[in-house]
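Here is a short report on one structure. Look at the sequence and the 3D view, then read on.

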Amino acid sequence: MARDHHRDTASGPSQRALRAGEVIRHAIADILSRGEVHDPVLEGHLITVPEVRMSPDLKLATIYVMPLGGRDAKAVLDALERNKRFLRGEIAHRVNLKFAPDIRFRVDERFEEAERIERLLRSPEVKRDLDRSHADSPPIDLDPDLGKTK
């Protein structure tokens with residue numbers, strides 16, 4: 001029986017792509033933490049690698065990075081781009097893939113987005129609206145079957 005190699009992209013990345021991304025994430029994090037890239041900008045920053053997303057064919061790795069505290073993100077991204085060739089070669093040596101993926105770097109903005117939402121939820125306007133909606137609505141019965149008799 002033939003296997004269907006076409007995936008529905010709405011269902012997310014394949015297990016293989018997730019595994020490859022995680023292996024590459026560990027390799028990049030190891031390279032950066034050991035200071036193997038000789039660049040003054042990278043040597044002066046602690047960089048986390050929260051995620052690596054792989055293309056379905058595993059030929060492109062998008063590496064999300066975040067300098068500690070989010071400072072100098074643009075300079076760090078530029079330094080990683082300057083050293084892309086070296087990093088790709090190191091990935092090829094450390095990761096057992098048929099092809100060394102092309103790599104690109106992006107700043108991970110999930111932390112900033114989470115902080116923005118947190119600030120929004122703590123704002124006086126939202127607190128006022130939440131307090132008003134709680135006062136107007138009846139209490140919520142978490143277990144509707146609890147009060148029923150059989």
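## Asp108 and its surroundings

Asp108 touches Pro50, Tyr64, Val65 and Met66, leaving aside residues up to four places away in sequence. Contact means heavy atoms within 4.5 Å. Asp108 sits in the loop between strand E3 (102-107) and helix H5 (110-122). Helices (H or I, at least four residues) and strands (E, at least two) are DSSP runs, numbered from the N terminus.

Asp108 counts as buried because its relative accessibility is 2%. Buried means under 20% relative accessible area, exposed over 50%, and partly exposed in between (1.4 Å probe, protein chains only).

## How the model was treated

This is a predicted model: local features need pLDDT of at least 70, side-chain atom pairs count only at pLDDT 80 or more, and totals for chains, interfaces and linings use all residues. Residues are numbered from 1 along each chain as its sequence is written, and side-chain values use heavy atoms, with hydrogens and water left out.

## Thr48 in strand E1

Thr48 belongs to strand E1 (residues 47-54). Thr48 is partly exposed, because its relative accessible area is 42%. Thr48 touches Tyr64, Val65 and Met66, again not counting residues up to four places away in sequence.
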